[in-house]
Amino acid sequence: VVGWIDEARFVEGAVPDTGRLVGTLNLSGLPDHTRSLLVAAVAAGKQDIAGLSIDAVGKGSMRVMEGKRMKVPARLERVISVDLIVEPGAGGRLIRLVEAAPLSDGDPDMKLREKMLRLIEAKNPAAYAKIDPEKISDDDLETAYREAVALDVVPPAATKPAAPGTDLAAELNERVRMIEARANARSAIAACNLPQPAKDKLEREFAVRESFVDADVAAAITGEREYLARYTESGHVRLGGFPDVRAEDRSAVVGSMLDAFFDPAHKDHRDVQSFKECYIAITGDQRVTGRLENCDMSRLRESVGMNLREATVDSTTFAQVLGDAITRRALADYRIQNAYDAWRLIANVVPVTDFRMQHRTRWGGYGDLPDVAEGADYLDGTVPDDEEATYKAGKKGRLATVTLEAIKNDDVGMLRQIPTKLSSAAKRTLSKFVFDFIRANPVIYDSKALFHVDHGNLGTAALSAEAWKVRRLAMMQQQEMGSNERLSIPPRFLLVPSELEELAYEMFKNRGTNNDPTFVMSTAPTVVPVWYWTDATDWAVAADKSDIPSIELGFLDGREEPEIFVQDTPSVGSMFASDKLTYKIRHVYGGAVTDYRGLAKNVVAG
């Protein structure tokens, strides 16, 4: 509670539903920083930086309006509060701001009217006797006031003889004209959109001028506006004595708040510990009912950065705000390098544009170049053989839900894990997709298994220094398709299950007294432990993907990161329809083995 309202009254409109409630809002309990903000905003011409919204209890009925079923109020029975907010739902606004006005002054316009009547009564009693103070119009009151002022400033000729050559009528007319000119000047200055300090400056200037016309006032207002425009930055005028008032985008504030909730370990994100508070701050649903009618529509609009007056708020709005935050956190986790990213060592990444079959044709080599004798023709080479691998991009994904119970119970631990677990699932699935080409030994483009005796890339020896030498030599002896020339490309990666990781590292270390490295040590590969392989004895090798592109992975439209969406059907997954929010994670990719010569495996019995 920061104040109260006096003199509340209803003002009839010209047609139904155009009337308005007006009153005097006294903000004696307003915090100093908020008071300063309002005063500075009005001074800067930002009269609409805050508005008024009513929180009331009433009765109504369900009706269909503009194609939507909604509850329409018929009457108000109790007003709980009238609140200052950024965007009022029904257009409530502050008409004027009077800083530190005495409580007994009432309406400034009414006070001026009373002063005019008192002056007429004092200066022209005869005219005042003919006036009905309660019924006299503003125009008649202004005429009577001018006459009374004229009598005051121009004494009767009988009491003050005119100076030789003085035209008393002309002097009277000029003085009355200046009274009118000053009144018009005050009105014009008050009505312009200049900041209050600039208005005060112009009022002081024209209060002391002996003579001027309306055009002079208009020119002065224009000149002051152009002068201030030179100091304007991004639409904000910096004025001495007032802070630079800027409105912060609420959607950015909400986004930062949710980012802070999902990333509590960040040094700048340690002040948001309750998801329930986040929900209330975004929706205005104070009791966490999950009902749209209990939400603050203005808050929801601002939370998603919508056009405040044109946006439609529906049951998906909060879901979109939360979904954006989950996406940001999930993608941040997805980009953190871990064991799941080892697939990038052996697979080439390309974009694909659709879900149709992808064809990857690989041409063989021409063999050695023959000699060309002087003056002789160059010989045509035999067209190299080709091999074609095919694959399609496919969708992978699942749903994740946030329930009303989780929000009401403020289940922080569970809610914070949603983006992390979604990103982890996506990375793990992708990594398995690539390494399964080696684990599962699928049939490839030539209708044979990837690891096959005909491919010269299949062995049975357990992992050892001697077995490594044999497997390395076999890969280097692989022949180029078409030319049958040896490729002489050694393996660069040693892929092992977790059980063989230590052995693989120890194989390439010097354990003897000889400081010179052995041959096996000099060929040391990068050991890649594949966490999910369950066969504790099988192992594989892979060449550098830049030497032999053995596996290709194609992402739809080149999007390597997964996408997170709000449930397609709001009525199925909606906090305001079924007490839950449903999110869908989608990752679209496909791949195939494009050359068996860069891969080899030893399948060990037992």
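1. Salt bridges. In this predicted model, the count of salt bridges comes to 21.

2. Arg329 and Asp263. The side chains of these two residues meet in a salt bridge, with 3.5 Å from N to O. The pair links distant parts of the chain, 66 residues apart. Arg329 sits in helix H11 (residues 317-334), while Asp263 is in the loop between helix H8 (250-262) and helix H9 (275-283). Asp263 counts as buried because its relative accessibility is 15%, and buried means under 20%.

3. Arg329 and Asp333. Arg329 also forms a salt bridge with Asp333, and here the closest N and O atoms are 2.7 Å apart. Both residues belong to helix H11; they are four residues apart, about one turn of the helix. Arg329 has a relative accessible area of 19%, so it is buried. Asp333 is at 12% and therefore counts as buried too.

4. Arg597 and Asp595. A salt bridge joins Arg597 to Asp595, the closest N and O atoms being 3.0 Å apart. Both Arg597 and Asp595 are buried. Elsewhere, salt bridges with shared partners join Lys59, Arg75 and Glu77 into one network.

5. Arg416. A salt bridge needs the side-chain nitrogen and the carboxyl oxygen within 4 Å.

6. Surroundings of Arg416. What lies 2.6 Å from a polar atom of the Arg416 side chain? The backbone oxygen of Phe261 does. Leaving aside residues up to four places away in sequence, Arg416 touches Phe261, Phe262, Pro264, Val272 and Gln273.

7. A nonpolar patch. Ile5, Ile54, Leu76, Val79 and Val82 make a nonpolar surface patch of about 420 Å². Strand S4 (residues 68-85) gives the largest share of the patch, three residues. Leu76 is found in strand S4. Is Leu76 buried or exposed? Its relative accessibility is 51%, so Leu76 counts as exposed; the cut-off for exposed is over 50%.

Conventions:
Residues are numbered from 1 along each chain as its sequence is written. This is a predicted model: local features need pLDDT of at least 70, side-chain atom pairs count only at pLDDT 80 or more; totals for chains, interfaces and linings use all residues. Side-chain values use heavy atoms; hydrogens and water are left out. Patches are made of residues with over 30% relative accessible area and no salt bridge: like charges are joined within 9 Å, nonpolar side chains (Val, Leu, Ile, Met, Phe, Trp, Tyr) within 5 Å. Accessible areas come from the Shrake-Rupley method with a 1.4 Å probe; for residues, only the protein chains shown count as cover. Helices (H or I, at least four residues) and strands (E, at least two) are DSSP runs, numbered from the N terminus. Buried means under 20% relative accessible area, exposed over 50%, partly exposed in between (1.4 Å probe, protein chains only). A polar contact is a pair of N or O atoms within 3.5 Å; within protein, one must be able to donate a hydrogen and the other to accept it, and residues adjacent in sequence count only if both atoms are side-chain atoms. Contact means heavy atoms within 4.5 Å.
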